[in-house]
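Biologist: I have the model open next to the sequence. Can we go through it piece by piece?

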Amino acid sequence: MSKVHGDELLVKLEALADLAEHDGNPLQEPLRQALQLCREQQHRIERMLRIADGFNAAALGHSTSALRRQRSRLEKVARIADRYQELMHEQNLHLSQASSVDPLTGLANRRQIDAVLGDELARAHRRGQALCVAMLDVDHFKQINDSFGHAVGDRALTSLAQVLKASLREQDFCGRWGGEEFVLVLPGSTTAGARTTLERVLSAIRQLEVDTGQGLVRMTASAGLAQRLPAEAAQDLVRRADIALLMAKRNGRDRIELAPEAAAASGA
Ligand SMILES: Nc1nc2c(ncn2[C@@H]2O[C@H](COP(=O)(O)OP(=O)(O)OP(=O)(O)O)[C@@H](O)[C@H]2O)c(=O)[nH]1
């Protein structure tokens, strides 16, 4: 607004000053001075406007940087939320592992054995394929504990678990049933194939040397083997393998015995 008024005033003053100069009017000098003043005023106003524009731009810039700061804060919060979610995921994974893994040996625990055996047996029934379960128990394990202490016993169980894992095929599965007893699930194996696998396992256990701190100690193990019967439930299959294990213990240990087919019905 002031710029428009200033322009109009300037045009009028210029015209009057021209006229006065032309006519030799005595107002010539005061008009010239007024014109001069007006031009200076005009410059001052324009400068003020430029400064105001500058302020305006600075204010805009300020709000842009405030927005940028705000955005980077939000990004930081989003990153923290992502990391938090990752940690929660890791924690859940850890918890689910803890509930499916035996902490001493790192093998599957009873809970996971039940789940895996259930799945594998259902698949074998569906496809009409063979599947064997073996129960394996360390012989006279109590003597190791009694002679060398519980820590050495623990070490023996851990080493044995490693031997088990290393002796099995990829599709085979093993877990710690409890104490010094282990379970093997051998999908696709008939009794003959499973027996060969078990002989390899028992032989590897015989070779194993555990450092007691007072020399090396060796172990043997006994195993009971059962091949699935048509439509047999997991607990019946395990029970037959357990009966076979008992037979292996009674028959002198460090051996494999096969489950009698009718044992499931007897529930002995
Ligand atoms: N160190 C250690 N010992 C365990 C663990 N779990 C079970 N045991 C021990 O394993 C031993 C099992 O003893 P028994 O059931 O008498 O069997 P065994 O001495 O192996 O004899 P047989 O099975 O008849 O050959 C007991 O002394 C238990 O305390 C474990 O996690 N660590």
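Biologist: What covers the buried residues of α5?

Modeller: In this predicted model, the cover includes strands β1 (131-138), β2 (173-178), β3 (181-187) and β4 (210-211), along with helices α4 (141-148) and α6 (191-207).

Biologist: Which residues of α5 are buried?

Modeller: G153, A156, L157, L160 and L164. They lie on the same side of α5, because they cover an arc of only 100° around the axis. A151 and A166 are exposed on the other side of α5.

Biologist: How far apart are the end C-alpha atoms of α5?

Modeller: They are 26 Å apart, and that agrees with the 26 Å that 18 residues (150-167) should span at 1.5 Å a residue.

Biologist: Back to G153. Why does G153 count as buried?

Modeller: Because G153 has 21 C-beta neighbours inside 10 Å, and 20 or more is the cut-off for buried.

Biologist: What is G153 in contact with, leaving aside neighbours within four places in sequence?

Modeller: F141, I144 and N145. For F141, twelve residues away along the chain, the C-alpha separation from G153 is 7.7 Å.

Biologist: Now the ligand. Which residues come nearest?

Modeller: D139, F141, K142, G153 and G179, out of 16 residues around the ligand. Two or more residues of that shell come from each of β1, α4 and α5.

Biologist: Which element gives the largest share of the shell?

Modeller: α5, with four residues.

Biologist: And how do the shell residues divide into nonpolar, polar and charged?

Modeller: Seven are charged, five are polar and four are nonpolar.

Biologist: Is H140 buried or exposed?

Modeller: Exposed, because there are 11 other C-beta atoms within 10 Å of H140, and the cut-off for exposed is 12 or fewer.

Biologist: On to α6. Which of its residues are buried?

Modeller: A194, T197, L198, V201, L202 and I205. These buried residues line one face of α6, because they fall within an arc of 135° when seen down the axis. The exposed residues on the other side of α6 are A192, T196, R200, S203 and Q207.

Biologist: What do the buried residues of α6 pack against?

Modeller: Helix α5 and strands β1, β3, β6 (221-227) and β7.

Biologist: And α3, which residues are buried there?

Modeller: I113, L117, E120 and L121. Their arc, seen down the axis of α3, is 105°, so they line one face of the helix. The face turned away from that buried side carries A122, R123 and R126, which are exposed.

Biologist: What covers the buried residues of α3?

Modeller: The cover includes β1, β2, β3 and α7. As for what comes after α3, the helix is followed by G128, which has a positive phi near 70°.

Biologist: How many residues are in the largest nonpolar core?

Modeller: It has 44 residues, and V133, A134, V183, L184, A223, L225 and A241 have the most contacts inside it. At least two residues of this core come from each of α3 (110-127), β1, α5, β2, β3, α6, β6 and α7.

Biologist: Take A241. What is A241 in contact with beyond four places in sequence?

Modeller: V133, A134, M135, G224, L225, A226 and A259.

Biologist: Last, the whole chain. How many helices and strands does the protein chain have?

Modeller: Eight helices and seven strands. Of its 268 residues, 25% are buried. Among contacts between residues at least 6 apart in sequence, 62% join residues at least 24 apart.

Methods: Residues are numbered from 1 along each chain as its sequence is written. This is a predicted model: local features need pLDDT of at least 70, side-chain atom pairs count only at pLDDT 80 or more; totals for chains, interfaces and linings use all residues. The expected span of a helix is 1.5 Å times one less than its number of residues. The arc is that of the directions from the helix axis to the C-beta atoms. Two residues are in contact if their C-beta atoms, placed from the backbone, lie within 7 Å. A residue is near a molecule or strand if its C-beta atom, placed from the backbone, lies within 6 Å of it. Ala, Val, Leu, Ile, Met, Phe, Trp, Tyr, Cys and Pro count as nonpolar, Asp, Glu, Lys and Arg as charged, and the others, Gly among them, as polar. A nonpolar core is a set of buried Ala, Val, Leu, Ile, Met, Phe, Trp, Tyr and Cys residues joined through C-beta atoms within 7 Å.
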